[in-house]
Amino acid sequence: MPTRIDYDSKIPNNVGLADDRRLQRALEGWQPKFLGWWGEMGPALENHGVYLRTAVSVGRDGWAHFGHVNVPDYRWGVFLAEPTPDRRIAFGEHKGQPVWQQVPGEYRADLQRLIVVQGDTEPASVEQQRLLGLSAPSLYDLRNLFQVNVEEGRHLWAMVYLLHAYFGREGREEAEALLYRNSGSPDSPRILGAFNEETADWLAFYMFTYFTDRDGKYQLGSLKESAFDPLSRTCSFMLKEEAHHMMVGTTGVDRVVTRSAQLIREHDTLEIAACGGIPLDIIQKYINFHYTVSLDLFGSETSTNAANYYTAGLKGRWQEERRKDDHKLTDDSAFLDKPDSEGSWSQEEVPALLALNLDLRDEYISDCETGLKRWNRILEDHGIDFRLALPHPGFNRNVGLAAGHHITPDGTIVDEPTWEAGRHHWLPTPEDLAFVRSLMRPVYERGKIAHWVAPPVNGINGKPFEYEYVRLV
Amino acid sequence: MVVSFDRSPDAYRHWKLRTDGPVAWLEMDVDEQGGLVPGYELKLNSYDLGVDIELNDALQRLRFEHPEVRSVVVTSAKEKVFCAGANIRMLAASPHQWKVNFCKFTNETRNSMEDSSEHSGMTFIAAVNGSCAGGGYELALACDRILLIDDNSSAVALPEVPLLGVLPGTGGLTRVTDKRRVRKDLADLFATRSDGIRGKTAVDWRLVDEVVPRRDFRTVVEQRALEAAGRSPRPADVRGIELTPLEREVTEDGIAYRHVRAAYDRSLGLVNITVRAPGEDAPADAAALHAQGADGWLLALTRELDDLILRLRTNETELGTWVLRTEGDPELVLAHERAVRTAAADGDWLAGEITHYYKRTLKRLDVTSRSLIALIEPGSCFAGLLLELALACDLQYMLDGPPIEDPDSALRAQLTLSEANFGTFPMGNGLSRLQSRFYREDDHVDWLRRDAGQPLSAAQARELGLVTDAPDDIDWEDEIRIVLEARAALSPDALTGMEANHRFVGPETIETKIFGRLTAWQNWIFIRPNASGPEGALRRYGTGQKAVYDRKRV
């Protein structure tokens, strides 16, 4: 008799793994490959344990457990939010019907694609951030990096769970393919462009967790509305963890801005590069870059795919159920701004169903604004007049209506030479990147922090900043 | 209305079947008031589905009940009219799917006449004793010889294009050129004049084989029939078997026969069809096969399957997916198959007829506008001739594991090839289903032939390309559910067209051209306003008003 594997203790879950032959069989094949991928593509820094949060249940209180974990032994679990009794489909042509506990054959291909695309982003960021641990500004930051990485890993597990549990052999093959595509790989890149960009420094990491992970939040939020209940419940729970990633991004940029503001005050100049700070204009260029590549993730402003997904009930709008309309949108319209070759903007009315990507993107943009307000308040509090801003959504775009046009951060449509001449004012130059990288010296001493960033206001789980968040080799 | 295909010669309303030694007389005498559906009169020996169901019944009985018949005279019992073809008012009033299904059945019936000529030593002689137009001439075209009465008025004609704005869709266009080898320009002239062609010209153009003076007509027809009978290879001194009435139980939820049952799943729009293996040993020899008659497993099964296909096609148009299963002992299937094959090889006429009937029934499946999906599960018997059912399907799924309801069972699904899979039951394209599946991969077919007789596991079957997929017992239910649900969500029209394209690879034959090219054009023309719009030719025919055409060529 082969030894029975104790699935529940190895893989924390609330999906009945111990009694699910299909899932066990699938995970038995996949888990070793995942660990292999983690070893090869996961964080490069050796350690004796990181103070991590591990999801262990989905209850209102105590869903997570904190403690030092040797990362390869991290217990990646499979959790779905508690089911909502008698949940009904909130939108589309099936509105009002009970949600689906199985994949309807009609939508198998579309649902599988949505899950694969979402799943593909999760391990991608781990790969993008692989080397960051070598230059962490503090043990606290290092710990956050690990936390974000293991949770992205868990989000991968969550998507893999759906593929394994509901999509049969094809699902198993897709789950494996998620490990074989790699960020930036020339032969087999990640599906979405932003996830093939290198996260080369910690300012980029903060920006990524603020802007790009926030796209993830909105994608998850719209999938949470799905009529396919297991997907909805999976995404609900992932959003809980995603909030931590946002926090890392928001407070990370806070701390950089704070430190830069302090140095500006201290030296009474905006030119703080020489004294080891990151000048505000470079921060602005980072915002411009990360914000715009993240906008690309929302896809084209008008999309028949998004419309079909909505009508079918596969993917809703942000906060679908709080919206006051018919949730079918067959008679509604939306307006979108179009650049034309004459160099001006015009408005076009389109069916609302076709403009759902734009709808989600607008929600995202207004959420992004809150960060800008925060950071500008820091500048204001330090008596600095400089203000950070989000560029126009048409700036630096490779996807959608603005792609192929040359649009400045203030939304002016210009010709290519003019735009190229302004590029170094708007986007990080190789010199800017080299400069920021030059600041990235690791600080692994407890209670110490790099010169270019301020310490956090609070530690993790009530622990002080000085806490030994990571036990290094 | 539920259409039944049960008929009996003593209760025919439209035909008279008489045998006189080796010659059978099949006389069309359509009862004007005998339409299957109210709303039209079957004037001038015009026909509807009901008339053709009787013709099909008569042809079947000739093959099984009258093996002594060697030639068949197809003629009319009415004065001056042979047959005016399909009833136009019926066509004009019918919904599209009814027209299409009607045409398919009439095509199959005419194909079966040619099958009798080719394989049963029966010569069909069309004794065209009066006007013969449209479907009437197409009926004559399905015969081996056409004798036209020379009364200076009777003509053969295909007036569909000029009068009705549709095609002679029951093989007419195809057989004129491909069977009778009428030159294409002459065929064009013929098919565009409403009055047709008579006399010597009809012979010169090869539209008929001879014209016979009115007073000699009967004599010459008899003489030609006897001459043909004399050339027939059919054995003498044989006795037929009776095609006894089929037993079936029809309910809201399905149809159950002895060896076949169909259970409807209306929510998924599908029918679960299960074919059962024989329950008893195979007949020891030809004599035993004859003694069993219509009760013999293969003949009974074939009749049931044939009846089921026809009923489902006609009566259950919204059940768009047919899921085929088998159950029972594959060894018994193969034993019965061997018994029939051995007897047929020894020249036994009944064994031959059973084989050809099963072949025709498989062909019906091939041209059925439903998604066909075979599920090969433990306890099934997809062996030899029953494996053809799976091969006729669009998709084949085989369970690689124990039965779902009994995970501890050692029973596994298997399928077995036999000699019968290598040419005994050719499709309309002239190829076996394996040759069609592995088109121009003769090496692979040869390789498979070496495996004949060996039960193949799911893994082997998948490896050999005999099944689409072989999910294990963990995946099975979900995979199959998704396949069936996904199928049900697709456009029925697109599926019909796609399946018909995929099923018939390779060479064209008269049959594939009729069911493909001719039928596809006809069905397109049927739904065009030029035919079926309020001002279209089909709808305006007989109103005295002229059709108004949209002149744009498409």
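**Cores, contact and sheet**

Mentor: The largest nonpolar core has 194 residues, and A:M207, B:L324 and B:I376 have the most contacts inside it. Such a core is a set of buried Ala, Val, Leu, Ile, Met, Phe, Trp, Tyr and Cys residues joined through C-beta atoms within 7 Å; buried means that 20 or more other C-beta atoms lie within 10 Å of the residue's own, with C-beta atoms placed from the backbone. This is a predicted model: local features need pLDDT of at least 70 and side-chain atom pairs pLDDT 80 or more, while totals for chains, interfaces and linings use all residues. Residues are numbered from 1 along each chain as written, and chains are lettered from A and ligands numbered from 1 in the order written.

Trainee: Which helix gives the largest share of this core?

Mentor: Helix α4 of chain A, residues 139–166, supplies 17 residues; helices are DSSP runs of H or I with at least four residues, strands runs of E with at least two, numbered from the N terminus.

Trainee: And what is A:M207 in contact with?

Mentor: Beyond neighbours within four places in sequence, A:M207 contacts A:V253, A:Y286, A:I287 and A:H290, a contact being C-beta atoms, placed from the backbone, within 7 Å.

Trainee: Turning to the sheet, what is the strand order?

Mentor: In chain B, 3 strands form an open, parallel sheet in the order β5-β8-β10; strands pair if DSSP finds at least two bridges between them. β5 is joined to β8 (residues 130–133) by 3 bridges, and B:V81 stands opposite B:S131.

Trainee: Why is one side of β5 and of β10 left without a neighbour?

Mentor: β5 (80–83) and β10 (156–157) of chain B are at the edges, each with a single partner strand, so one side of each has no neighbour in the sheet.

How values were computed: A residue is buried if 20 or more other C-beta atoms lie within 10 Å of its own, exposed if 12 or fewer, and partly exposed in between; C-beta atoms are placed from the backbone. Two residues are in contact if their C-beta atoms, placed from the backbone, lie within 7 Å.
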